[in-house]
Each structure stands twice: as structure tokens, then as C-alpha cells.
Amino acid sequence: MAVGHVEGNYPGGMSELYDPQAVEAKWQRRWEAEGAYQVDNDDPRPPYYVLCMYPYPSGPAHQGHVRNYTFGDLLVRQRTMQGYAVLSPIGFDSFGLPAENAAIKTGIHPRTFTDARIEELKSSLRRLGASYDWRRELHSHDPEYMKWNQVIFQRFLDAGLAYRRNAPVNWCPGCQTVLANEQVLADGTCERSGDLVERRDLEQWFFRITSYADEMLEALDGLDWPERVKVMQRNWIGRSEGAQFALAVEGVEGAKIDVFTTRPDTAFGMTFVVLAPEHPLVPTVTTASQRAEVEAFVERVRNQSDIDRQSSEGPLDKRGVFTGGYAINPFNSRRVPIYLADYVLMTYGTGAIMAVPAEDQRDWDFAAAYGLPVVRTVAPPAGWEGEAYTGEGPRINSDWLDGVTDTAEAKQKAIDWLVENRIGERKVNYRLRDWLLSRQRYWGCPIPVLHCPTDGIVKVPEDQLPVLLPDDVEFLPGGDSPLRHHKAFLETTCPKCGGPAQRETDTMDTFVDSSWYFLRFCDPWNSTVPVNPDAARKWMAVDQYIGGIEHAILHLLYARFYTRALADRGLAPAEIREPFTRLFTQGMITMEGSKMSKSKGNLVSPEKYFDTVGADSLRLFHLFVGPPGDDFDWSEQTDQMIEGCHRFLGRLWRMSTRSPDSSRLPDSSRLPDSSRLPESFRLVERAETAADADIDRQVHRLIDRVCSDYERWSYNTAVAACMEMLNTLYRYVQSPEGARKQTVDFAVDSMLKLLAPMVPHVTAELWERRHPDEEPLHSQAWPAADPEKLKQDTIVMVVQVNGKVRDKLDVDTALNETEAVELALRSERVRSALGGKKPSKVIARPPKLVNLVV
């Protein structure tokens, strides 16, 4: 007999084994054939949109997929039972480097490779029991999706949101393409290949995401997202309020250095100025005697990543150089030396800073390394022995600011002075840079423009979209894009002048594909517009978005920008400004402390569990192992926990089908005696007793608890509560007095409904066997607890045997003596302590105490 089989009976007595594979295959076929989770845009039920992040099709599912899509599926099924029309679409983020790198290694075309990987992942998702409206399936490499990607790009280009310029970029030699800042890790390496990222100057395409920085920052407070995600986005946007002003360069007519500072009140303490090595004024301010040293420094810094340059590591006396030039501090007309330093970036602020070592520790360290003076402008407290002081205090050495103690007041006075004297202005700066979207690779959506010697950059006419990728390409070992060498693709005609032109060979960053797919899901059949406004108004914003914390900056920020930009261009409803109302970030699965990944070879396939204990057991494990937002480590004990979840489902099967225990349950010898069933249940027809009323109350409390746990994403405690309830039922049906059949039936049916979103296959099968003439389980209404039975009119009754506490029972405060003794004698712990003997004396003080004497 295959592992996973558990014996059971139909209520009518026909014996049959619980075969997870047969049960799961049956229900998966049935749900798909019936379109159980298909939803139409005119559905009259209240809408609810559940979406898991757009998966990259790397092959069969791994445990990260199982975890993510189990959480999403649970919510879809629960909300459906609660009466919602639930939109649950699926698609595949099918462009990307892995498929192209595979083509270089194997010769398999990226489209062929990707399509095969999609089918593998779809098979895994179906076996998991994930509920989707498969009619809405999207692939990023589908020509229709590519067309709308290109239409949107052209509308952004028309509006000035897309533009091209020469810029220093992050170049990955391993991937042979440009990376966005967000794709460079803290150690300066590529997040995908691990290669050390280089800096190059290239003509690149950008999206003007910075134009939405303020709006995206302010709107974060209204989102029901994890606070750590919102903090990460706030920090990445990096809004800074201050002032910008100019410093004249000594001896150079008309040359001025613009600096931005959040503390203009400390400008009297400026003792040097620092420029980024890329600053255009570097050649101007550098003296002949310093030129060789400056040029060598600039060349060295060019190959460092922004991450490396902003690091605090390394001796500062090696990270700067004196230019030989001087600037004039407009606050006091003093000359200050001009230095270069690697930690000043041209891409942030003005590419130049005023250095005030007394009030900034990095400036202090730099001044110490190069022997530069320190002038305090804020008096530190008495006894101060530190270096830079950043706290409050009266202004000193600051002329007309002397004596001002409040920093906000001092800043305002300094800004007012700059404005009045026409030296500077109030300014807001952002850490956020525009989104670099060019990629020098083949397997991505082509950028729909031409380069004409006469007319410059020209859009491909919309009636000629989509621009498709040619299939007859050669993938070179070095990773160079084959589009650059494909004559038929490259050479074309300018639609303006009719002359020869060349197509753009850069393709779009794959984050473009995932920045609006959720809008397309609302009506993926529409052939006239990328986003159907009526459908978008019905479904958007996504009610619950589910994915990993690693997407907090990249994907989530880009999606927020795209949603706003589409609305402002008339491509989506104007009122839809945010894509995702609620966000849940699930915990990461690790193995021996390392993240599970294909590159590390430590992925654990779910297929072996599908083929043994079944998908429901694996789903239950992922829900039970711990809080969904926490990381957990896959260890040698994991299989034992999964087997434990399978044994729970076996006990649920037997309780639901009224069958005796089976020796066919895997590893049944390891089950404790207390978990095994007797040869028969004692289910009786009788008037309700105190014990039956206790079961009923516990069931309503279970419903209330599980409903609450579901809403709080506390699935692990919901599973634990169901396990406790099943143990309670077993104790009652195993007792000599048995349990009232109607009460147990209500308890079992309630548990099946509560477990239906978690373990959909086995619960659907058991419901059909118990209620063959009713609607399927997942079409039933979600259970609701009776408020009257939730009232806290209970008390803990202590049960003793010979004066020693053997159990504590939650009982009704109105319990009488007979009922108290009856409950005490039902306790498994009490019966064990009695050892089969009858009490010679009973001392009952209901509802607080029962003492049995033997």
C-alpha cells in the first residue's frame, strides 16, 4: 500500500482507504472542470481581489512557492465562503536573464526554455490545489502583453516620464547588462550573478519616478502594510529638507559650486568643501600642481560602486584628494579648500557638500585625516569630551545666529538670510534616483523607438506594435545581446522621413512587466486598451497582496509609480493611486541558515510530498510550523512534522467517517496510545447532557478563535486550535458514556468548514461523503459563532484524586453536582489516575472542585 493511505468507511459501511493522491486528483479535476474559482466582471457579489506576487517561472515549485501560494489560496477560499466574488488570477513574469543565460549554455531558445518552465510550475501549482481563474493567465512574453507594455512606454515618452540620457551606470560584467541601483548588493556585487559591479558611462533610458517621490512618500501612512516595508521605502525615497546655495570659486570668474545642506545654520563652521569625483567643475578647480594626483584619484573611483563609495570602511586619508583650489564661504567670506572624496556622489543632491566637521562625524574624521581646522557653531554641554556634536545648544562663532538655541529657528533664519541676499533657496532633495530601465540583453520587451540620423529618436507607429523579438538569433558566449547583430531586426525605415533608421536594441527591465500586471488581470481579454477602466474600478486596488520582503524597494516602489503614472496619462482610472491596499510579507525558508535557492542547490521539491503524504499535509505543515511572517529553517525534523500533519488528517478522516483505526497509517507504531481509536465509537441518541453542552460551547469558541486567527494571519494557532478540538472529540467518543451523535456531527462539520481553506481536498471529500445531497463544502457559508455561547460564564473546575490535582476543566458556572462528577469521570487523566477503580467517596463542590477518593 502506498505511503499516505489511511483506512476509512463511508457512513453506509462501504470500506475505502483515504488515498491522498486519488482524493486530491479528483478534486483538482473537478474544480477546474467546473470553473469553481472563475469569476466574471459582472458578478453581483461584493468584489475581493487576492494576488500573490508575479512568479518567475524557474521550473517546478519549491517550498517558497508552496508557502506563498498556500497563504493566498487559503484567503481566496475563505473569502469565497464568506460570500465574496474573489478575483484570484495567475500569470508568469517570463522575461529575464536566466532563460537567456540558459540559451547561451545549452542552445535552447529562451522562449522554448521559458514555456517549458511555465508548464512545470503550473503543474506544481495545480497539484498544490491552488485556486485560480486560469482564464486570466498572463505571460510577460505574450505578444499582446508586449504590445501594451510598448504602448505605455510611448505614452510615458510623450509625457516626459520616459527619457534618454548619458549617465554613469552600474555594469555587471557577468550579466553583460546595466543594473538599477536597487539591484546592486551592499558589497557592490550583482544580486543575481555575484559579479563585482563596474561603473560605466552609457546612453540609457530612464523613467522619471522622482516626479512622484513626494506623493508616494506621503501616501505610505495610509497603507495597511508592514511597518518595516514602509520604513524601507521612506528611507529609499530619502526626502531631505534644507537649503541650496552657491560658493564662488576663488580666482575663477563665474565659477560657482552649488551645495545642498539640511543644516544651513551650521554654515559658519564650514572649513572645507568636498566635490564628487565626477563633478563637472573638477577640471576647473584643480591646479596644475595637483592635476596628476586628482586624475589618478578620479580614475580609481570610477570603478567603484555607489555602495562601496558610501561605505564607512577604509582609511579616509586614502579616500580623498586636495584639488589645490579654494571656494568662498558666503556666510563669512572666508576661503575654504576644495577636496574630492569618493563618498560624495554626483547622483545625490548637487554632487558637492559643505563640510562642517564640528557638527558631522564623517566631516570630523576627514578633517582629522587631512589636518583641516574645526570650528564649532553649536556649543556642546559642559564636560563634552566627544568629537562632532549633533545635539541642541546655543549657536556660537556664528555672527548674527549667536545665542539662538532652537535648531529649527536657527535653520529658518539661515534660509531667510540666503533668500534675502539672493545667494540660495529653500530646497527639498531626495535619495531616490530615476528608474534606469535599459537592459542590454535579448530576452526582454523591446523598447519601441527608432534612431534616425535625421529625426533623432522616433516612436514606432502604434499600428506596428508590438515590436517582437526575432527567433533566429545567435547567443554569444560573452552575453552580448544578439539584437545588436541581427540585421533584419536592426535595420528599418524612419516613419517620419522615410530614410534608413535603426531600432533600439536595449530591452526593458523586467520590473516593467511586473509593475502593472495586476491592472491587466482585471480584463486580460481587452484588445483596445491596456487597462479596462470599468473593470479596474470594480477590482482595484488589490485587497490583499502577498509576497516576499525582498521586493519592498524594487517591485513595490515601481508598481506604486506605475499605477500613478498610468492614471495621470489616462490609461487607468484617475482615482486609483495605490495598487495594493494590504500587503503581507511571508517569512523566508532557509536551510542551515542559508536562503533556499536554485543557485545554492538546496531547494526541496514539494513533488515527493505530493506523491506520499499529499498536498494537504504539506499545506498544513506550512500553516502550522510557525507565524507566517517568520523565517524558518528546513531541518531533519521537518519531515517528522509533515508526517505529524498527515497523521492529524488521518484522525480527521476516521472521525468524519466513523471508522476504526487502521494499521495502514504510515509509522502508526510511533503514535502514542492515547491517539489511537478503539474498535468503535460510542455515538448515542440522547437528550443533551452537560458533556454535550460543553462540546457545543467549545465548538463555538473554536469558530470564534479560528475566524480571529485567520484575520490576524495567525494560521499556526488556528491549526493548533483545530487539533485541540479533535483531541477533545476523541476523548468524548472514547469514553464509556460516549457522546451525543448530533453534537459530534455539528463539531465535525464545523471543523471541516474551518479547515476547508487550509486543507481543501480532504475536507471537500469528507463533506461530500457526509452530505452527498448538499452543495460542495467550498460553496457552503463560512461558519459563525453563536455570541450567546461565547459568553464567559465558565470557571476552571479542579479535579483531584485522593487530594492530588489530576485535571482542570473549563465548566459552566451553573454546573450542578451530578454534572460536575460526570465531567470529572470523563477526564482521561482522571480515569488513568483511578486505574480502573471506582471511587469509594466523591466530594463535589461545584463548580470549583471535585475530589474522588479511592
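This is a predicted model: local features need pLDDT of at least 70, side-chain atom pairs count only at pLDDT 80 or more; totals for chains, interfaces and linings use all residues.

Trainee: What makes the contact between Arg582 and Asp543 a salt bridge?

Mentor: The closest N and O atoms of Arg582 and Asp543 are 3.8 Å apart, and the criterion asks for a side-chain nitrogen of Lys or Arg within 4 Å of a carboxyl oxygen of Asp or Glu, so the pair qualifies as a salt bridge. The two residues come from distant parts of the chain, 39 residues apart, with Arg582 in the loop between helix H17 and strand S25 and Asp543 in the loop between helix H16 and strand S24.

Trainee: Why is Arg582 called partly exposed?

Mentor: Its relative accessible area is 25%, and partly exposed covers what lies between the buried limit of 20% and the exposed limit of 50%, so Arg582 belongs to that class.

Trainee: How do you know which class Arg577 and Asp568 belong to?

Mentor: Arg577 has 22% relative accessibility and Asp568 has a relative accessible area of 34%, so both count as partly exposed. Their closest N and O atoms are 2.7 Å apart, and the two residues form a salt bridge.

Trainee: What do Arg127 and Glu607 tie together?

Mentor: Their side chains meet in a salt bridge at 3.6 Å, N to O. Arg127 lies in helix H4 (residues 110-128) and Glu607 in helix H18 (residues 607-610), so the pair ties together parts that are 480 residues apart in sequence. Arg127 itself, at 26% relative accessibility, counts as partly exposed.

Trainee: How many salt bridges does the structure hold, and which residues are linked in a network of them?

Mentor: The structure holds 58 salt bridges, and the network links Lys26, Arg30, Glu34, Glu765, Glu768 and Arg769.

Trainee: Turning to helix H11, how do you know on which side its buried residues lie?

Mentor: The buried residues of H11 (residues 361-370) are Asp363, Trp364, Phe366 and Ala367. They cover an arc of only 165° around the axis, which puts them on the same side of H11. What covers them includes strand S12 (272-275), strand S13 (320-328), strand S14 (335-341) and strand S15 (352-355).

Trainee: What is found at the two ends of H11?

Mentor: At its start, a side-chain oxygen of Asp360 reaches to within 3.1 Å of the backbone nitrogen of Arg362, while the helix is followed by Gly371, whose phi is positive, near 65°.

Trainee: What makes strands S32 and S33 the edge strands of their sheet?

Mentor: The sheet is open, with four strands in the order S32-S31-S34-S33 and mixed pairing. Strand S32 (804-812) and strand S33 (841-845) each pair on one side only, and this is what makes them the edges. Neighbouring strands of the sheet are turned by 15° against each other on average, direction ignored.

Trainee: In which sense do S33 and S34 pair, and over how many bridges?

Mentor: S33 and strand S34 (residues 849-853) pair in the antiparallel sense over five bridges, and the bridge partner of Arg845 in S34 is Leu849. Helix H25 (residues 817-826) packs on this sheet, touching strand S31 (794-801), S32, S33 and S34, and its direction makes about 60° with that of S34.

Note on methods
Residues are numbered from 1 along each chain as its sequence is written. Side-chain values use heavy atoms; hydrogens and water are left out. Buried means under 20% relative accessible area, exposed over 50%, partly exposed in between (1.4 Å probe, protein chains only). The arc is that of the directions from the helix axis to the C-beta atoms. Contact means heavy atoms within 4.5 Å. A polar contact is a pair of N or O atoms within 3.5 Å; within protein, one must be able to donate a hydrogen and the other to accept it, and residues adjacent in sequence count only if both atoms are side-chain atoms. Two strands pair if DSSP finds at least two bridges between them. Axes are lines fitted to C-alpha atoms, for helices over the stretch in contact, and angles run from 0 to 180 degrees between N-to-C directions.
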